[in-house]
Amino acid sequence: MAGVFGVIIIQSIIFMKAARRAAPSVEMSAQDIKTSFRSGAVSAIGPSLAVSLVAIALLGLFGAPAVLSRIGLIGSAAYDVSAAGIAAGSMGAKLGDASYTQSVFAVAFFAMSIGGAMWMLATLILTPLLRKGDAKIRSVNPAAMAIVPAAALIGAFSCLGLTELPKSGIHVLSFVVSAAVMGLCLLLAKKLGKSWLREWGLGFSIVIGLGAAFFAAGV
């Protein structure tokens with residue numbers, strides 16, 4: 001387990017150093033870097049809570065070492081559970097019942113690990129290719145690279161949010177409340193000149209959205 005946390009810490013240090021080296025090329029000041037790190041830390045609170053809850057739920061199925069090595073590094077709970085279920089089914093077993101033996105667990109964990117390894121390999125292979133494409137686009141139209149990443153993020157997060165809406169009215173309520181809180185934080189930050197509201201806006205929207213869903217479910 002110590003090795004897992006060590007890898008996470010080393011990755012964080014490498015990414016922070018890489019960000020500091022790349023900052024001058026995109027005209028980011030030291031204060032901008034500090035602000036971005038702080039914003040990232042605040043934004044990670046909600047997803048981290050979600051990952052922690054998922055990890056607790058999976059402890060009974062996979063045990064602490066497997067959960068930490070998968071969810072703590074690069075794993076996706078949805079993928080891991082589905083991969084483990086398919087692997088267990090191929091051996092005539094089901095997750096969590098008496099047929100879920102040590103042998104089945106080994107096969108399921110191997111299936112999850114293979115998927116994680118492919119993600120890492122894809123990142124290693126595709127990142128240099130994407131960097132070349134980025135440089136090519138910047139040489140043709142620098143403004144495009146200011147628009148494309150923002151559009152991609154908006155599209156990705158909109159897709160993730162919209163896929164939750166058909167599930168229930170509580171999902172719709174949480175989505176609307178979170179979006180309203182985030183919009184209010186951005187508006188107040190602009191009107192009042194309080195930049196910290198931009199940094200904490202995502203954290204506020206997640207917590208208030210969860211609170212609204214909790215109270216709506218209890219009614």
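**Helices, buried positions and aromatic pairs in a predicted model**

Helix α7 is followed by Gly193, a residue whose phi is positive, near 70°. Five positions of the helix, namely Ser174, Ser178, Val181, Cys185 and Ala189, are buried.

Ser174 is placed in helix α7, which comprises residues 169–192, and its relative accessible area is 18%. Because a residue counts as buried when this value is under 20%, Ser174 belongs to the buried class. When its neighbours within four places in sequence are left aside, Ser174 is in contact with Gly209, Leu210 and Ala213. For Gly209 there is a further detail, in that its backbone oxygen lies 3.4 Å from a polar atom of the side chain of Ser174. Ser178 also has its place in helix α7, and with a relative accessible area of 19% it is likewise buried. The contacts of Ser178, again leaving aside neighbours within four places in sequence, are with Ser205 and Gly209.

Of the 219 residues in the chain, 19% are buried. The chain exposes about 14,500 Å², of which 75% is supplied by carbon and sulfur atoms. When contacts are considered between residues at least 6 apart in sequence, 51% of them join residues that are at least 24 apart.

Another helix, α2, covers residues 30–43, and its 14 residues reach 20 Å from the first C-alpha to the last, which is close to the 20 Å expected at 1.5 Å a residue. Ile33, Ser39 and Val42 are the buried residues given for α2. Of these, Ile33, which is found in helix α2, has a relative accessible area of 8% and is therefore buried. Apart from neighbours within four places in sequence, Ile33 is in contact with Arg20, Ala23 and Met28. Arg20 and Ile33 are separated by 13 residues in sequence, while their C-alpha atoms are 7.2 Å apart in space.

The aromatic side chains were examined next. A pair of aromatic rings is described by the distance of the centres and the angle of the planes. A search of the whole structure finds two aromatic pairs. In one of them, the rings of Phe105 and Phe109 have centres 6.0 Å apart and planes at 15°, so this pair is stacked. Both residues lie in helix α5, which runs over residues 102–140, and they are four residues apart, or about one turn of the helix. Phe105 is partly exposed, with a relative accessible area of 26%, and Phe109 is partly exposed with a value of 26%. Phe214 and Phe215 form an aromatic pair that is edge-to-face, with 5.6 Å from centre to centre and 75° between the planes. Both Phe214 and Phe215 are exposed, whereas the relative accessible area of 26% places Phe105 among the partly exposed residues.

Finally, the cysteines may be considered. The structure holds zero disulfides, a term that requires a pair of cysteine sulfur atoms within 2.5 Å. Cys159 is partly exposed, its relative accessible area being 46%. Cys185, by contrast, counts as buried at 8% relative accessibility, and this residue is one of the buried positions of α7.

Definitions and conventions: Residues numbered from 1 in each chain as written. Predicted model: local features only at pLDDT ≥ 70, side-chain atom pairs only at ≥ 80, totals over all residues. Heavy atoms only, no water. Buried < 20%, exposed > 50% of the residue type's maximum accessible area, 1.4 Å probe, protein only. Phe/Tyr/Trp six-rings, centres within 6.5 Å; stacked < 30°, edge-to-face > 60°. Helix = DSSP H or I, 4+ residues; strand = E, 2+ residues; numbered from the N terminus. Polar contact = N/O pair within 3.5 Å; in protein donor to acceptor, adjacent residues only side chain to side chain. Contact = heavy atoms within 4.5 Å. Areas by Shrake-Rupley, 256 points an atom, 1.4 Å probe, with all protein chains shown as cover. Expected span 1.5 Å × (residues − 1).
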